[in-house]
Amino acid sequence: MAQRRFVRPAPAGTASARLELRLRLGPDLRWSSLRLLTLIDEYTRECLAIRVARRINSFGVIETFADAMLRHGIPAHIRSDNGPEMTAKVVREWLAQIGSKTLFIEPGSPWENGYCESFNGKLRDELLNGEIFYSLKEARIVIEQWRRHYNEKRPHSSLGYRPPAPATLGQIQPLEQATAMQ
């Protein structure tokens, strides 16, 4: 299992990790490989994105990072293992153009990417080990639903048992002036 991380400007940082999974697909229980590229914010513990595909190349990495950067800003650093997707020349050049630096972990040192390892373990334990996906589209939908639950509802002990990005209660109705003054 390889890992990726990306770190945004102070104080928050992001982590991305790649999972390669052998999952049972369909009623005949065929085995097929799915790859997951996960982006985790090290500071808030929020999962910014999970890309689910049969294969992920450097252009898929750039697309996933760009989508996350549009929503969350450009990171100062991206921490990564030395997987081929992240060490590709096109990824390194793109990151340099936008002003992000790369921080590669030492080969064979998953403890340097602890947030990603922890997140990947939770993803496996809480979702993937109990699911049979009938299609790639179903896997994407179910995993995205779990990601939203993880961010908005699931308590995190490191955050005082609060979710990293709690959902708002909807639009707040303004109080009438008479009620507001009481």
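Trainee: How many aromatic pairs does the count come to?

Mentor: In this predicted model, the count comes to 3 aromatic pairs.

Trainee: What makes phenylalanine 119 and tyrosine 150 an aromatic pair, and why is the pair called edge-to-face?

Mentor: A pair of aromatic rings is described by the distance of the centres and the angle of the planes. The ring centres of phenylalanine 119 and tyrosine 150 are 4.9 Å apart, and the limit for a pair is 6.5 Å. Their planes stand at 85°, and an angle over 60 degrees counts as edge-to-face.

Trainee: How do you know whether phenylalanine 119 and tyrosine 150 are buried or exposed?

Mentor: Buried means under 20% relative accessible area. Phenylalanine 119 has 1% and tyrosine 150 has 5%, so both are buried.

Trainee: Is arginine 154 buried or exposed, and where is it found?

Mentor: Arginine 154 is found in the loop between H5 and helix H6 (177–181). Its relative accessibility is 15%, and the cut-off is 20%, so arginine 154 counts as buried.

Trainee: What makes the link between arginine 154 and glutamate 126 a polar contact?

Mentor: The side chains of these two residues are joined at 2.8 Å, and the limit for the N or O atoms of such a pair is 3.5 Å. Leaving aside neighbours within four places in sequence, the residues in contact with arginine 154 include Glu126, Lys122, His149 and Arg162.

Trainee: Why are H1 and H3 called roughly parallel?

Mentor: Two packed helices are described by the angle between their axes and the distance between the axes. For helix H1 (residues 58–72) and helix H3 (residues 89–98), the axes come within 9 Å and cross at roughly 25°. Angles under 35 degrees count as roughly parallel, so H1 and H3 fall in that class.

Trainee: Which residues make the contact, and how do they divide by class?

Mentor: H1 contributes Ser58, Phe59, Ile62, Phe65, Ala66 and Met69, while H3 contributes Val90, Val91, Trp94, Leu95 and Ile98. By class there are 10 nonpolar, 1 polar and no charged residues.

Trainee: What is the phi of arginine 45?

Mentor: Arginine 45, in the loop between strand E2 (30–41) and strand E3 (47–53), has a positive phi of about 70° although it is not a glycine. Most residues other than glycine have a negative phi.

Definitions and conventions: Residues are numbered from 1 along each chain as its sequence is written. This is a predicted model: local features need pLDDT of at least 70, side-chain atom pairs count only at pLDDT 80 or more; totals for chains, interfaces and linings use all residues. Side-chain values use heavy atoms; hydrogens and water are left out. Axes are lines fitted to C-alpha atoms, for helices over the stretch in contact, and angles run from 0 to 180 degrees between N-to-C directions. Helices (H or I, at least four residues) and strands (E, at least two) are DSSP runs, numbered from the N terminus. Angles under 35 degrees count as roughly parallel, over 145 as roughly antiparallel, 65 to 115 as roughly perpendicular and the rest as oblique. Contact means heavy atoms within 4.5 Å. Ala, Val, Leu, Ile, Met, Phe, Trp, Tyr, Cys and Pro count as nonpolar, Asp, Glu, Lys and Arg as charged, and the others, Gly among them, as polar. Rings of Phe, Tyr and Trp (its six-membered ring) pair if their centres lie within 6.5 Å; planes under 30 degrees apart count as stacked, over 60 as edge-to-face and the rest as tilted. Buried means under 20% relative accessible area, exposed over 50%, partly exposed in between (1.4 Å probe, protein chains only). A polar contact is a pair of N or O atoms within 3.5 Å; within protein, one must be able to donate a hydrogen and the other to accept it, and residues adjacent in sequence count only if both atoms are side-chain atoms.
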